[in-house]
Amino acid sequence: VTEASLVALLFAALGIGGVWYGAGTSMPELASRHGAGIDAMMNYLLVTVGALFLAGYLALAWLVWTGARRRVIGPRLATRRAELMLSGALGLGMALIAEGGVLAIGIPVWAEYFNAAPPADAVAIEVTGQQFMWNVRYPGADGVFGPTEPRLIDDAGNPIGLDRRAAASQDDVLTINEITVPVNRTIRIRLRSRDVIHSFFLPHFRVKQDAVPGMTPEVVFVPTRTGSFEIACAELCGLAHYRMQGTFNVVSEPEFEDWLRKQEAP
Amino acid sequence: MTTAVLERPSESEPATPQPPHEDPHPEFLRTYVFSTDHKVIGIQYIVTGLVMALLGAALAVLIRLQLGWPEHRWELLSRLLPSGMPGGVMAPEFYLAVVTMHGTIMVFFFISYVLVSGFGNYLVPLQVGARDMAFPFLNMLSYWVALLSALTLVASFFVQGGAAAAGWTAYPPLSAVAAAVPGSQMGQTIWLLSMALFIASFTMSGLNIVATVFSTRAPGMSMMRMPLTVWSYFIASILGLLAFPPLTAAAVMLLLDRHFGTSFFLPSGLMVGNQLLTNQGGSPLLWQHLFWFLGHPEVYVLILPALGVACDILPAFTRKPVFGYRISVWSLIAVGALSMVVWGHHMFVSGMSPFTGEYFSLVTLTITVPMTIFGVNMLASLWGARLQLRPPMLFALAVIALFGSGGFGGLFLGNATADMQLHDTYFVVGHFHMMIGGVTLMATFAALYFWFPKMFGRAMNEPLAKAHFWLTFAPFFIIFFMQHFVGLQGAPRRYYAFTTYDFLRETRDANLIISVAALVLVAGQLLFLINFVWSVFRGSRAAANHWQATTLEWTTASPPPHGNFGGAEPVVHRWAYEYGLECGASDFATQNVPAERVPVTA
């Protein structure tokens, strides 16, 4: 019985301690518009699931506590009806929590993130992943990205294989591991990779998208806070995956124009 | 030559009682090494799996040393592993190989071997009242192919470039191009060959279990009288048979891409290691679809037996029937069916269409219905119980606990919107370790403690086993619970170190605590090893029905003779949970007790 008390205590302690520990941690501070929806989704899950987790562990503790003290078993078999009622009700309740969350909170965010057409004045950027850096490109004043060709790739001077003879290429702005964007404007980032799969991860912006060779997925979002943030790679891409690091600067509109002009001037 | 061992008496033979051992001096090799007896093969799988687990655990220690103390120089390890840890600091390429091999070994060569193939082999024929598996020779073949596959994998540590380093998911192009990472030289090829062998072996074994359940059940053993253990192995085996072939195909395609110039997974214009590749027209996403079409059912192949085993261990220590047997069976079937159509939830941010993502999200979360029902049934089985906290029961309780916390994590990851932030972070690592790591590990220990007396005719030491429980469950929970929140803070998985990012500064303390808990966990397993080895030779003698349980394996001797039931085929009269009766001195009836002696209650 002492032993049973200890086991019951263990389950109760893990349940209570778990919720306490979880409540004390938080995601990187939010910096994007759609991210508020993702955080709402996460908070909904943390609260509902946290409560269920606590209830489950306390129930387990209570069942162990009382069970070990019992000399004669309780009712041997539940009726078929009672079985259906209990597990059916809890199963459906759980599905309601899970699916309800997706339908009520999740899908609107998902739609905002993926399905809303970006406005005409969105800032277009192309990011090409490469072991182990991010090649960043702005289309320049003409708003058109110059053509690229893998056979033109030259790590010394042309990491993405830009065809410099084309007219559209002339004003393209290239940086490495550094993205600068204006605050509160829609940013559309086209992702490419020239070797293996990378994943473009902006923890503070709730943005994560794999950069897959042969594909050009696009992420569209609105930064809401100025500052300098980190870019990480979230898909195993080789030896230096853990430091395929970049900087994502969110600045005011005039600062952005300044910065871009400085980059354009050779 | 002992014909008794080589030939299984055909089903049509009259069941004449035979002495347990026809030959008093059976040839050692035929009995213990190249045996077709499902019990010997089961134990072979279990021992092989436990040895592989030692390797997997050693790799886990290396991972935790690196993540807990990223800049520390481990002088001793530099002497043990001069190329992997030059100067005592782990090389990044070695870290990736260690992570890849840890995952591969634990999923395929520990849990699959011990819990699925090992206990599946040992228990299914005994619990359905058969003399052996439906195809004993195929069974032996499956074990030897499995052993070959394990040896092949271990050999890959010693080839040029080291072991495979593209993760256990082996996403191309990283896994397809030798120049992408050192492990993608010979190591990846050997990894793929080992996988192909593993799948061949697992298919033979799964086919055998399905055939055994269909065709060799004892008279009276209707499907709805089968113990949940048998049900879970039956469904897991069907899933394996349906899901594994696509991965075999994918493995062959990746081998062709690697060595014969095809482009299944490689698009045009790849520039790896300053070399422009000539491949054209392939798709890296194709691999992900094929891999996860296997990969998701595979987690249920591992976890369903864990749940089934726990359900059969519970009533022996609550002394009353499990709650909702029929509903649990239908839940297992529903989970099995649903698990085949949800693989895309591993690919929410892969570049797959976001509309497909929402489909996979909604279908994935419908799995919560049968899984919650199953979990609630396990928990409700403790209601009104006269609980006995013997070692198998402690681990069965741990199964329930981890199944709960692991399942809750699934609600986050199955939700595409939440997964956008959590994908490929430590939240995922924490989640799958709770489920296919923890639920299965706890069930494996529960099963080992529970059926050890049956296997070896001796009991394990209980105080030592209880100490083992405390040193296993608590640290395990702490490690992987905390990893969820390290992931919530944004820490990506498969990172060699978290030292370069500002936003991950807060995770360093958590990683230190996790590493300490991991060392406690691994050290605690020594108690089990000592207990296991000591008890095989010196444990106290166990009775035929050591735990007063009801399923058929407890109606024969411990260990059961060749042919299992001493020639007399059992006849089944009742379901597997006839506990809590009031019939004379005992409170239970085994499945072969006729209705005239003890009334049948379900």
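Student: In chain A, what makes up the contacts with a separation of 6 or more?
Tutor: Residues 24 or more positions apart account for 71% of them. Keep in mind that this is a predicted model. For chain B, the contacts between residues at least 6 apart in sequence include 79% that join residues at least 24 apart.

Student: Which helices and strands does chain A have?
Tutor: Chain A has four helices and ten strands. Along the sequence they follow the pattern α-α-α-β-β-β-β-β-β-β-β-β-β-α.

Student: Why is chain A called more spread out than a compact globule?
Tutor: Set the value against the rule: for 266 residues the globule rule gives 18 Å, but the radius of gyration of chain A is 26 Å, well over that, so chain A is more spread out than a compact globule. The C-alpha trace of chain A spans about 90 × 40 × 35 Å along its principal axes. Buried residues make up 53% of chain A.

Student: Let's turn to helix packing. Why are α13(B) and α16(B) called roughly parallel?
Tutor: Helix α13 (residues 391–413) and helix α16 (residues 462–488) of chain B pack at an angle of about 5°, with their axes 10 Å apart. Angles under 35 degrees count as roughly parallel, and therefore α13(B) and α16(B) are roughly parallel to each other.

Student: Which residues meet there?
Tutor: Among them are Pro391(B), Leu394(B) and Phe395(B) in α13(B), and Glu462(B), Ala465(B) and Lys466(B) in α16(B). By class, the contact of α13(B) with α16(B) has eleven nonpolar, five polar and two charged residues.

Student: What makes α2(A) roughly antiparallel to α13(B)?
Tutor: Helix α2 (residues 33–67) of chain A packs with α13(B) at an angle of about 170°, their axes being 9 Å apart. An angle over 145 degrees counts as roughly antiparallel, so α2(A) is roughly antiparallel to α13(B). On the α2(A) side the contact includes Met42(A), Leu45(A), Phe53(A) and Tyr57(A). On the α13(B) side, Leu397(B), Ile400(B), Ser405(B) and Phe408(B) are among the residues that take part.

Student: How many residues of each class are in the contact of α2(A) with α13(B)?
Tutor: There are 16 nonpolar residues, one polar and no charged.

Student: One last thing: what is the accessible surface of chain A, and how much belongs to carbon and sulfur atoms?
Tutor: The accessible surface of chain A comes to about 11,400 Å², with 61% belonging to carbon and sulfur atoms. Chain B exposes about 19,200 Å², and carbon and sulfur atoms supply 68% of that.

Notes. Residues are numbered from 1 along each chain as its sequence is written. Chains are lettered from A and ligands numbered from 1 in the order in which they are written. This is a predicted model: local features need pLDDT of at least 70, side-chain atom pairs count only at pLDDT 80 or more; totals for chains, interfaces and linings use all residues. Side-chain values use heavy atoms; hydrogens and water are left out. Axes are lines fitted to C-alpha atoms, for helices over the stretch in contact, and angles run from 0 to 180 degrees between N-to-C directions. Helices (H or I, at least four residues) and strands (E, at least two) are DSSP runs, numbered from the N terminus. Angles under 35 degrees count as roughly parallel, over 145 as roughly antiparallel, 65 to 115 as roughly perpendicular and the rest as oblique. Contact means heavy atoms within 4.5 Å. Ala, Val, Leu, Ile, Met, Phe, Trp, Tyr, Cys and Pro count as nonpolar, Asp, Glu, Lys and Arg as charged, and the others, Gly among them, as polar. The radius of gyration is taken over C-alpha atoms; the globule rule is 2.2 Å times the number of residues to the power 0.38. Buried means under 20% relative accessible area, exposed over 50%, partly exposed in between (1.4 Å probe, protein chains only). Accessible areas come from the Shrake-Rupley method with a 1.4 Å probe; for residues, only the protein chains shown count as cover.
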